[in-house]
Amino acid sequence: MATPGLARRDRPWLIALMLPVLVIFAAFFILPMVRLAGVGAGGPRGLAAYAAIVTEPRYFRSLLSTLALSAGVTVLTLAIATIAGVFLQRNTFRGRSALIAMLTFPLAFPGVVVGFMVIMLAGRQGLIGDISRLLTGQKLVFAYSMAGLLTGYLYFSIPRVILTIMAAAEKLDRNLEEAARSMGASAWQVVRDVILPGLRPAFLSAGAICFATSMGAFGTAFTLATEIEVLPMTIYTEFTLRANIALAAALSLVLGVITWLALALARTAAGSSVAASA
Amino acid sequence: MSEGGVAIRLERCGKTFDDGTRAVAPLDLEIAAGETIVLLGPSGCGKTTTLRMIAGLEAPDPGGRVRFGEVDVTEIPIERRNVGMVFQSYALFPNMTVADNVAYGLRVRRVEAGARAARLEEMLAMMKIGELRHRHVDQLSGGQKQRVALARALAVRPRVLLLDEPLTALDAKLRDVLRIEIDALLRRLGMTAVYVTHDQAEAMALGDRIVVMSHGAVEQVGRPREIYFTPANRFVVEFVGTMNRLRGVARDGYLEVAGGRVPWRHGVAGDVEVLFRPERAAVVEAGAGGLTGRVLTAFFLGDRTRLVVEGISDTPLIVETSARTEFKPGQEVHVAIDSDALLRLAR
Amino acid sequence: MRARRRSRAFHAQLVFTVLVAAFLVVPVLMSITAGLTVNFFQGVKSGLTLRWIGEVWRLYRDTITLSLMIAVACLAVDLVVGVPAAYVLAKARSRWTRLVEEALVLPIAVPGLATALALILAYGTWREFRTSWLFILVGHVLFTLPFMVRAVLAVLSSIDLRTLEEGAASLGASFWQRFTGVVLPNCRGGILAGALMVVTLSVGEFNMTWMLHTPLTKTLPVGLADSYASMRLEIGSAYTVVFFFMIIPLLIGIQLAARPRRMAGVGEESA
């Protein structure tokens, strides 16, 4: 603490500068969230609405599908992003920047657009369908199934995770790998014993973000109009089509808690605040 | 317990990096089996790059060859060269305990569990780190980490031990302690060792021979005494130890300088420049045949006083004397120089 | 050793990476093509046309202008509200400010759907508000504010703010003079990066906006969802092309803004 005089005299100013943020936040987030919690508990089921996510088979199924989908996407994305990300970080070759640009530019696509991309690839007139018909005679259409949803979620997760992995790979201590090699470790052993453990914090933080984003993703599922019910879609249908407002409120709050927990885990794993990429 | 070692030969090994910088000019070097050779020089001189070429982490430019004994290992990558490497930053695996770190090389070579455990105990005992075996790397002090790094490198019985500035990251006292330990260790093992450092005191204490390098080239190779007493050129002179410079005119058997004259036996006449080490000069009483000068600064170092004396030559000289007498700036002082100590340089 | 000869592992990884990149890029190229060809099923053979883009403009012009308006308004609010907040957070590191920092992240941590639902429940009965574009703006501000704050906070934390301000104060500067003359100019980089991010996020926001919108307040992504569901493929594609057109310059801007900072800021841990 330097000049105490300066800090003390500044204080009223600092409070004044903070006020707008606090007011907006209180009025438009805290208040509504409290109301949401209240509405959730004020329906015909009362507080039991919060347990409905596990007690009612339909919602429970939805929760499980969403958890499974998110977990699956996270694992796949981490694997794909690690292979591609470490490779790009460590090698220079012509076209490297172009590849990196291609891999990261879908970062800001909204879920709807991603859904459309999946339809382009795997829909009824999709590219994969055309290719598979040429090769096997059977047209492969999977945009509207779990596989399509998975593809969509992969589409928006890969760019984010690749960036994080590349940043972490840059910081790896090469001496550790050289030490392992000097003792006779093969390339695979170096990956298993030095590189993967070294990337662990990045895996945890990027993985948790990926998981949280997948849990809360709505636009992709909406566009693909699948029969697979993911939680955000369930909440949406409860609210708009069935007017089960209390239940929708309760479910959305539970979902919010789950995603918040995942992100809190990411922050503690990374040790610092979560990377601010879209 | 002598492990023995292999002779190493570098032939025309140079290294140019992808961006065009030439780190090392093609050099030839012969290292005898069991010898400890020190690569000494300032940062950027190419000593670490040369070490990495011996290790197999860098490939020499086309035409360069590295031999271990009779075998040409130039094309063999580090994984199969069987070298032990110790890094300045220790490079210990943070996800493993001390015991796992030391045993890593054995595990990678699929040494069976019994033999592995026995060798592990041997290494832990040799480096005196037995009680640290279950600790994790971040719980160790710098000196402990260095011992673990040495144990790990030696566990696999390498043919040569390569050390890249292992003591630079430690504080002075610890450095002295570990330097003695490493010296004893290398002597006991009788292993070939290549040691990189920028600290000339370390080099002279540890090396059987020293290779002084600068700007990618070898300036001089020799035993520590040769390097110190008969430096080959100006760079070696200025890098190793302190040197004083005397400039004057040589005639009639004397070298005449600003502060007086000294006997001159070199036979050359005219304007000359010679060098001498501070310890070959002494402060004497007036009239004892010394050169006369004035004290510019006096540094009291406890066990001795270091005087910076001007007026004897065109540049100030450094002379050391016992600390009992106090010298003040501006005071007149007389310096006698051992005439055998005067060194004339070709370059 | 490995110098010029690329190993098998290198080529395998390269192929893998190219396939992944193709996975991401090919559908984009397909949709651009679809939006510009006369007939998607016949492909480029049927000729290129701007007809579909024209249709999109005719049908969805309002969504495009509304999205832009909301993005700009969102940016304005974020600047006025977020930059001072970042300054306070950078200066006064205490338990409270850390709490505020954590709290600000909540609208990102919680799914957009939930935030939108909460807003509707709290303010849905207020007719004028509910049906105006301001309702959507509120959602966007909540979602984008943390990014602006964090971008500016990052820059402010990396400079020695205290010394700069004390220097200015010793020369006679008042609080306001310090803020406008010393603090703001020094966070230019953070403000720029934050601004690009905010606009990009706002233009692309869907999860919240879908719940918050009304037939009269449709944004671009909402229109996109509409067109994917009900219009022919060429129109949906052309609409997507328009979206790409808006967003790609922003993304390039973000990349460019990020790069010099990374090079200049890094370097604390030298040997």
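Chain A reads, from the N terminus on, α-α-α-α-α-α-α-α-α-α-α-α. That is 12 helices and 0 strands. Helices here are DSSP runs of H or I with at least four residues, strands are E runs of at least two, and both are numbered from the N terminus.

A word on provenance. This is a predicted model, where local features need pLDDT of at least 70, side-chain atom pairs count only at pLDDT 80 or more, and totals for chains, interfaces and linings use all residues. Residues are numbered from 1 along each chain as its sequence is written, with chains lettered from A and ligands numbered from 1 in the order in which they are written.

Back to chain A. Its C-alpha trace spans about 75 × 65 × 30 Å along the principal axes. Of its 278 residues, 49% count as buried. Buried means 20 or more other C-beta atoms within 10 Å of the residue's own, with C-beta atoms placed from the backbone. Now contacts: two residues touch if their C-beta atoms, placed from the backbone, lie within 7 Å. In chain A, take the contacts with a separation of 6 or more; residues 24 or more positions apart account for 72% of them.

Next, domains. The bounds come from an automatic or database domain assignment. Chain A gets domain 1 at 1-41 and domain 2 at 57-270. Their contact takes 4 residues from domain 1 of chain A and 6 from domain 2 of chain A. On the domain 1 side, we have 3 nonpolar, 1 polar and no charged. For the classes: Ala, Val, Leu, Ile, Met, Phe, Trp, Tyr, Cys and Pro are nonpolar, Asp, Glu, Lys and Arg are charged, and the others, Gly among them, are polar. The C-alpha centres of the two domains lie 35 Å apart.

So what does chain A do with chain C? How many residues does each give to the contact? Chain A puts in 69, chain C 63. Helix H1 of chain A, residues 4-41, gives the most to chain A's side, with 18 residues. By class, that side has 56 nonpolar, 11 polar and 2 charged residues.

Last, chain C. It has 12 helices and 2 strands. The order from the N terminus is α-β-β-α-α-α-α-α-α-α-α-α-α-α. The C-alpha atoms fill a box of roughly 75 × 75 × 30 Å along the principal axes. Of the 271 residues of chain C, 46% count as buried.

Terms used
Buried ≥ 20, exposed ≤ 12 C-beta atoms within 10 Å, placed from the backbone.
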